[in-house]
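User: I would like to learn how to read helix packing and salt bridges in a protein model. Could you please guide me through one example?

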Amino acid sequence: MHDSFSRTRTATIVVALLLTGLVPVVLELLGSHAEVLVIVGGLLVLFTAFLVLRGSRPVDAEHASETAVSSRGGVELLLYLSPVVFLNIVFPLVSPRMAEATVGGVQLTHVVLASSITVPWLAQAACMPAYRAIGELMAERNMQKITRRFCEVWPAMFLRTLPLAGLFALPLWLATGWSWQAMGAYLLLLGAHVLFVQSLVLANVGERRGLWAVAWGAYALTLAVVPTVWILPPLVAAATQIAAMGRQLSQVRVFERLDRRNFAADALRGLLLGSVLWADKFVLFLTTDGTFQVIVVFMAMLPAALDAPLAGAGE
């Protein structure tokens, strides 16, 4: 809040998030005919926020360079929060169609919700080893070298991460008694999302927020178009990141294995970090069989989701 742009940036982000939180209310009041209106309105809010942040300029020329940096930071912050905006718009729209579909006798919405709660926790363990592998190269900021190194270790790292899904699948099965078809869909969703979140590592390391937003935009768009083809959104989103790796992707054939002890230590550290925000949501799902107020719980997490990027942008 130290200058006018910082205040504009914070107010714009908060208003945009509050408007996305009103999506379920609008749908309930206006009915299913409001779907197109909500999508268009959401995109307009996002575009307007982008223009406000990008177009803000200082009155005092003495602080022009500082505010230019702050302006870029505001736009990057908006792009960073794109998954919150995109998914808060799309999920309420597609939930009715997903509720009509079942997988092994279980509503598709429950299977997807279980995955949505598990993935952020699992993602911490899935991605932590990657940062150790590329850690020595991050100081140089040479993205070609970083991408090459990441591609060398990615296949083996991905395969080693998959068994961690069992840590979540077993208690879920014991608590819900889901059929093997439903549990299989849950595990496939976890695997596809692990591929997706690991593919985002390079965009995060390179601070390529535009590429990050493209991935989440592809995810949300695919979900909106084919909500019942549950495996497709994470795969399409991952494809946007894989395509950006270019020629360096050929290094996946190296198939280098990370040190087992380091991998185990990093995975454990990631599981512990992820538990801070997601352990209670996972337990809540198990105890309620997914019947809790999802929107309320996820919106209540926004202050924690906003705290880190806002603090970083203000420095």
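This is a predicted model: local features need pLDDT of at least 70, side-chain atom pairs count only at pLDDT 80 or more; totals for chains, interfaces and linings use all residues.

User: Let us begin with helix α6 and helix α13. At what angle do their axes cross?

Analyst: An angle between helix axes is read along the N-to-C directions. Helix α6 covers residues 108-133 and helix α13 covers residues 260-288; their axes cross at roughly 155° and come within 7 Å. Angles over 145 degrees count as roughly antiparallel, and α6 and α13 are therefore roughly antiparallel to each other. The crossing of α6 past α13 is right-handed.

User: How many nonpolar, polar and charged residues does the contact of α6 with α13 have?

Analyst: The contact of α6 with α13 has 16 nonpolar residues, together with 8 polar and 4 charged ones.

User: Are α9 and α12 roughly parallel or roughly antiparallel?

Analyst: Helix α9 (residues 180-199) packs with α12 at about 25°, and the two axes are 8 Å apart. This makes α9 roughly parallel to α12, because angles under 35 degrees fall in that class. In this pair, α9 passes α12 in a left-handed crossing.

User: Which residues make the contact between α9 and α12?

Analyst: From α9 come Ala-192, His-193, Leu-195, Phe-196 and Ser-199, while α12 supplies Pro-234, Leu-235, Ala-237, Ala-238 and Gln-241. By class, the contact of α9 with α12 has 7 nonpolar residues, 3 polar and no charged.

User: Which residues form salt bridges with Arg-149?

Analyst: One partner is Glu-152, where the closest N and O atoms are 3.5 Å apart. Arg-149 and Glu-152 are separated by about one helical turn, because they lie 3 residues apart in helix α7 (residues 143-161). Another partner of Arg-149 is Glu-256, with an N to O distance of 2.6 Å. That pair links distant parts of the chain, since Arg-149 lies in helix α7 and Glu-256 in the loop between α12 (232-244) and α13, 107 residues apart.

User: Are the two glutamates buried or partly exposed?

Analyst: Buried means under 20% relative accessible area. Glu-152, at 17% relative accessibility, counts as buried, whereas Glu-256, at 28%, is partly exposed.

User: Where do Asp-266 and Arg-269 lie?

Analyst: Both residues belong to helix α13, 3 residues apart, which is about one turn of the helix. Asp-266 is buried, with a relative accessible area of 3%, while Arg-269 is partly exposed at 40%.

User: Finally, is Trp-278 buried or exposed?

Analyst: Trp-278 is found in helix α13 and, at 12% relative accessibility, counts as buried. The C-alpha atoms of Trp-278 and Ile-117 are separated by 6.9 Å, although the two residues are 161 residues apart along the chain.

Notes
Residues are numbered from 1 along each chain as its sequence is written. Side-chain values use heavy atoms; hydrogens and water are left out. Axes are lines fitted to C-alpha atoms, for helices over the stretch in contact, and angles run from 0 to 180 degrees between N-to-C directions. Helices (H or I, at least four residues) and strands (E, at least two) are DSSP runs, numbered from the N terminus. Angles under 35 degrees count as roughly parallel, over 145 as roughly antiparallel, 65 to 115 as roughly perpendicular and the rest as oblique. A crossing is left-handed if the near helix is turned anticlockwise from the far one by less than a right angle, and right-handed if clockwise. Ala, Val, Leu, Ile, Met, Phe, Trp, Tyr, Cys and Pro count as nonpolar, Asp, Glu, Lys and Arg as charged, and the others, Gly among them, as polar. A salt bridge is a side-chain nitrogen of Lys or Arg within 4 Å of a carboxyl oxygen of Asp or Glu. Buried means under 20% relative accessible area, exposed over 50%, partly exposed in between (1.4 Å probe, protein chains only). Contact means heavy atoms within 4.5 Å.
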